[in-house]
Amino acid sequence: MDELVRAADRDAARWDRDGLPDEMIELAAAGGLLGADRPASFGGAGLDALELGRLAATLGQACTSLRSLLTVHGMVAAAVDRWGTPAQREAWLPRLTAGAVIAALAATESGAGTELSAVATTFETDGTDVLVSGTKLWVTFGQRADVYLVLGRAPGGLCAALVDRDRPGVGVEPAESGLGLRGARLATVRFDQVRIPAAQLIAPPGFGLSHVLGTALDHGRYTVAWGGVGLARACLADAAAHAATRVQGGTALAEHQLIRAALGRSWAEVEGAQALCERAAEARMQGSPQALIATITAKYAAAGVAAGVSERAVQVLGAAGCAPDSRIGRFYRDAKVLQIIEGAQEVAEVTMGEHVMRGARA
């Protein structure tokens, strides 16, 4: 873990340009990062929710794309662990936990982003096999993944299945990462009548979105939330260090009340977001029915704080924050993406509002 963080501190700007290299993914696997919260019986470290959150925050403080590897791989492993049959768990979890296979979530389509129930990818039964056809967009680490957890449509309802990359009919095209998470090696993945055994369907038809993808997205929101706290804390530290040493007109920036106010506001927001993440961790560890809404709330708050604190940090650093390889500039771009992935801010607001109204009617 320490070696990964040191590498991120040194090379994250290069990863932002060229993508997280295979050797770093292999180092993450060798260090147990990819199976951190899986059971020891499958080779995992068995971290509890709080320990996993702190791990995500540490990675988020160094490199959002590296944290994204923990997130997306963990989303697939969590879904298989929760909804896979005993045989599927025995077949897949040891390899996922060891990082012997790298997993990615293939859900988003051109007509199905926030509303995943609109997916057009199809699962067609053919004897004891299933034929998968469709195109998935913005697949995080899709360029590197060995297996994809694919959401699709079957006559019996929405389905999820594990589809091996090396099967005939799978096509992988690198995608421009755009605004943020540029190191996460996004891909467009096409499935053209890809034949898989029916045994690779995870849960029965009708459970694909509500159960399998629901578990994956909940796991993703949780690690994204903690990663956002780490990102915001790194931005605050860099802004404070710059304000303490940057002198203009014979006066350190930190002596200006507006700068101190911006730093103070950022500190309070980071502490608040972390408290919400800790509350979500406690709910998850207790198996509380409030764990789901606590996680949504933590992700909403942490993503918003990451965006706000990183923006202020860029403002404090000025031209230095806008430099091509600026860490703050990279975090600023990444933070905006955090407000979209695993549930947009507006969707979270509606969900939280519905939660409030249920309480009002009780």
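In this predicted model, the lining of the second largest pocket is made up of 8 nonpolar, 4 polar and 7 charged residues. That pocket holds about 360 Å³ of space, and among its 19 lining residues Asp-37, Arg-38, Ala-78, His-219 and Arg-284 lie nearest its centre.

- Two or more residues of the lining of the second largest pocket come from each of the helices α3 (49-62), α4, α6 and α7 (257-285), and α6 supplies the largest share, with 5 residues.
- Sorted by class, the lining of the largest pocket has 24 nonpolar, 13 polar and 7 charged residues.

**The cavities**

- When the whole structure is searched, 2 cavities of 30 Å³ or more are found.
- The largest cavity has about 40 Å³ of space, and the residues that line it are Leu-33, Leu-34, Ala-36, Asp-37, Leu-52, Leu-70, His-73, Gly-74 and His-219.
- Helix α4 contributes the most to the lining of the largest cavity, namely 3 residues, and by class this lining consists of 5 nonpolar, 3 polar and 1 charged.
- At least two lining residues of the second largest cavity come from each of α6, α7 and α8, with α8 giving the most, 4 residues.
- The lining of the second largest cavity divides into 7 nonpolar, 1 polar and 1 charged.

**Salt bridges**

- Side chains of opposite charge can pair when their charged atoms come close.
- There are 19 salt bridges in the structure, and one of them joins the side chains of Arg-333 and Asp-16, with 2.6 Å from N to O.
- This pair connects distant parts of the chain, as Arg-333 belongs to helix α9 (residues 327-338) and Asp-16 to helix α1 (residues 2-18), 317 residues apart.
- Arg-333 counts as buried because its relative accessibility is 15%, under the 20% limit for a buried residue, and Asp-16, at 11%, counts as buried too.
- A salt bridge also forms between the side chains of Lys-136 and Glu-109, with 2.7 Å from N to O.
- Lys-136 in strand β3 (residues 129-139) and Glu-109 in the loop between β1 (103-106) and β2 (122-126) are 27 residues apart, and their pairing links distant parts of the chain.
- Lys-136 is buried, with a relative accessible area of 0%, and Glu-109 likewise counts as buried, at 8% relative accessibility.
- A further salt bridge brings together the side chains of Asp-126 and Arg-195, with 2.8 Å from N to O.
- Because Asp-126 is in strand β2 and Arg-195 is in strand β7 (residues 187-197), this pair ties together parts of the chain that are 69 residues apart in sequence.
- Asp-126 counts as partly exposed at 33% relative accessibility, and Arg-195 counts as partly exposed at 38%.
- Salt bridges also link Asp-22, Arg-144, Asp-146 and Arg-185 in a network.

**Positive phi angles**

- Most residues other than glycine have a negative phi, and most peptide bonds are trans.
- Trp-138 has a phi near 55°, which is a positive value in a residue other than glycine, and this residue is placed in strand β3.
- Glu-342 also has a positive phi, near 55°, and is likewise a residue other than glycine, but its place is in the loop between α9 and α10.

Note on methods: Residues are numbered from 1 along each chain as its sequence is written. This is a predicted model: local features need pLDDT of at least 70, side-chain atom pairs count only at pLDDT 80 or more; totals for chains, interfaces and linings use all residues. Side-chain values use heavy atoms; hydrogens and water are left out. A salt bridge is a side-chain nitrogen of Lys or Arg within 4 Å of a carboxyl oxygen of Asp or Glu. Buried means under 20% relative accessible area, exposed over 50%, partly exposed in between (1.4 Å probe, protein chains only). Ala, Val, Leu, Ile, Met, Phe, Trp, Tyr, Cys and Pro count as nonpolar, Asp, Glu, Lys and Arg as charged, and the others, Gly among them, as polar. On a 1 Å grid over the protein atoms alone, a cavity is a set of points where a 1.4 Å probe fits but cannot get out, and a pocket is an open set with protein on both sides within 12 Å along at least five of seven lines; lining residues have an atom within 4 Å of a point. Grid points are joined across faces, edges and corners, and a volume is the space filled by probe spheres set on the points.
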